Amino acid sequence: MNIKEEIIKAFHRKPGEFISGEELSQSCGCSRTAIWKHIEELRKDGYEVEAVRKSGYRLLAAPDRLSAEEVRAGLGTYRIGQKVLAHDSVISTQPLAHEAASKGAPEGTLVITEQQTGGRGRLGRPWHSPKGSGIWMSLIIRPEIPLSKTPQMTLLTAVVLAKTIWEETGVGPKIKWPNDIFIGDKKVSGVLTELNAESDRVNYLVIGIGINANMTSEDIPPELSAIATSLRIESGKPLKRIPFIQRFCENFEAEYDHYLREGFERVKMEWEQHSYTIGRWITVSTIQQTLEGKAIGLDEEGVLILEDTTGKRHKVYSADVNYRANS
Ligand code: BTX
């Protein structure tokens, strides 16, 4: 048993209340002296804990730090987020998640970090991931689906992100095909799905998720200021990152389990409801060609359907989509 985690859980069960040393020692299965030592460690980690003789311990404030203990305390899932590998600063959470997955990390394992020094997006593009003000994480999943359906996981993740942002901030985001979350006309979050597979068998997927949580306008570098925003800027309030991550895990588990049982239909419907893309005139550049037309929806597999000016319909699998300014 992780005693620090048990103490944090006990504090979360009784917010603002004193909990006696006796009660903590019973629920953690250790001596009162051991409890005291772990409380001291929590203080070093930045927790403010009040200790009053005869009353016990009371949590006054928890640090705004992404720790495994905090994510797991009070998390209402049975596998998504139940194992958390938390870091302070890494190059990117993606290779760490691949390494963990290849060594057998269970489905639902989450790699999170306060900072990435080499965060990346699609096609090797850089992802700006400053310290302390974002949520930079990679989720390992092991769905038993054919390779052709794995892009649906990006769409599912985008739906879950849009839902979680709405629930936790009250701001209504839109999904830009296939992997960006927009508020207004600026990007607040991006999804990068990477796959490990043999022939037609998926070993695992690593879903990288970057969320600009508490960046202020000054934290956004000039080269991104026209295209990037944060939840704090848009909602006008700082975001509590731990409850956000917990809600994301809970929403992901519900959506993912439904998908595994019932298929893609609900994700498609929700994606279309939240879509930034559908109904817009767009230009799509693939390696072979450039197409222009109106995005009219997803097909039942999750492929974007584009209608050109002659009324001909095209399937767009994975490509860069540019939007006409007036669309
Ligand atoms: P993307 O290729 O769609 O977007 C990358 C582009 O977005 C960049 O070229 C830049 O223009 C812009 N950009 C860079 N940083 C930001 C930012 N913080 N906010 C808004 N726009 C930005 C999107 O790729 C997928 C991003 C996934 C990031 C996660 S974080 C955890 C995991 N680890 C990792 O290295 N990547 C993923």
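**View 1. Lysine 54 sits in a loop between two strands.** In this predicted model, look for lysine 54 in the loop that runs between strand S1 (48-52) and strand S2 (56-61). Its phi angle is near 75°, a positive value in a residue other than glycine. Is lysine 54 buried or exposed? Lysine 54 counts as exposed, because it has 7 C-beta neighbours inside 10 Å, and a residue with 12 or fewer is put in that class.

**View 2. Leucine 123 also has a positive phi.** Here we visit the loop between strand S4 (110-116) and S5, where leucine 123 has its place. Phi of leucine 123 is near 50°, again a positive value in a residue other than glycine. With 7 other C-beta atoms within 10 Å, leucine 123 is exposed.

**View 3. A cis peptide bond joins tryptophan 177 and proline 178.** The omega angle of this bond is about -10°. To find proline 178, follow the chain into the loop between strand S6 (174-176) and strand S7 (180-183).

View 4. Domain 1 covers 3-61, domain 2 covers 68-273 and domain 3 covers 281-323. Taken over C-alpha atoms, the centres of domain 1 and domain 2 are 32 Å apart. Where these two domains touch, five residues come from domain 1 and five residues from domain 2. On the domain 1 side, the touching residues are one nonpolar, one polar and three charged.

**View 5. The largest nonpolar core has 60 residues.** Which of them touch the most other members? They are Met137, Ile140, Leu156, Ala158, Val159 and Ile207. Helix H6 (residues 151-169) gives the most to this core, with nine residues. The core lies between domain 2 (68-273) and domain 3 (281-323), because both give residues to it. Zoom in on alanine 158: leaving aside neighbours within four places in sequence, alanine 158 is in contact with Ile175, Asn179, Ile181, Val191 and Trp271. Another core, of twelve residues, lies apart from the largest one, and includes Ile8, Cys28, Ile35 and Tyr47.

**View 6. The ligand is surrounded by 29 residues.** The closest are Ser92, Gly121, Gly190, Gly208 and Gly210. Which elements give two or more residues to this shell? They are helix H5 (93-102), strand S5 (134-141), strand S8 (186-198) and strand S9 (201-212). By type, the shell has ten nonpolar, 14 polar and five charged residues.

Methods. Residues are numbered from 1 along each chain as its sequence is written. This is a predicted model: local features need pLDDT of at least 70, side-chain atom pairs count only at pLDDT 80 or more; totals for chains, interfaces and linings use all residues. Domain bounds come from an automatic or database domain assignment. Two residues are in contact if their C-beta atoms, placed from the backbone, lie within 7 Å. Ala, Val, Leu, Ile, Met, Phe, Trp, Tyr, Cys and Pro count as nonpolar, Asp, Glu, Lys and Arg as charged, and the others, Gly among them, as polar. A nonpolar core is a set of buried Ala, Val, Leu, Ile, Met, Phe, Trp, Tyr and Cys residues joined through C-beta atoms within 7 Å. A residue is buried if 20 or more other C-beta atoms lie within 10 Å of its own, exposed if 12 or fewer, and partly exposed in between; C-beta atoms are placed from the backbone. Helices (H or I, at least four residues) and strands (E, at least two) are DSSP runs, numbered from the N terminus. A residue is near a molecule or strand if its C-beta atom, placed from the backbone, lies within 6 Å of it.
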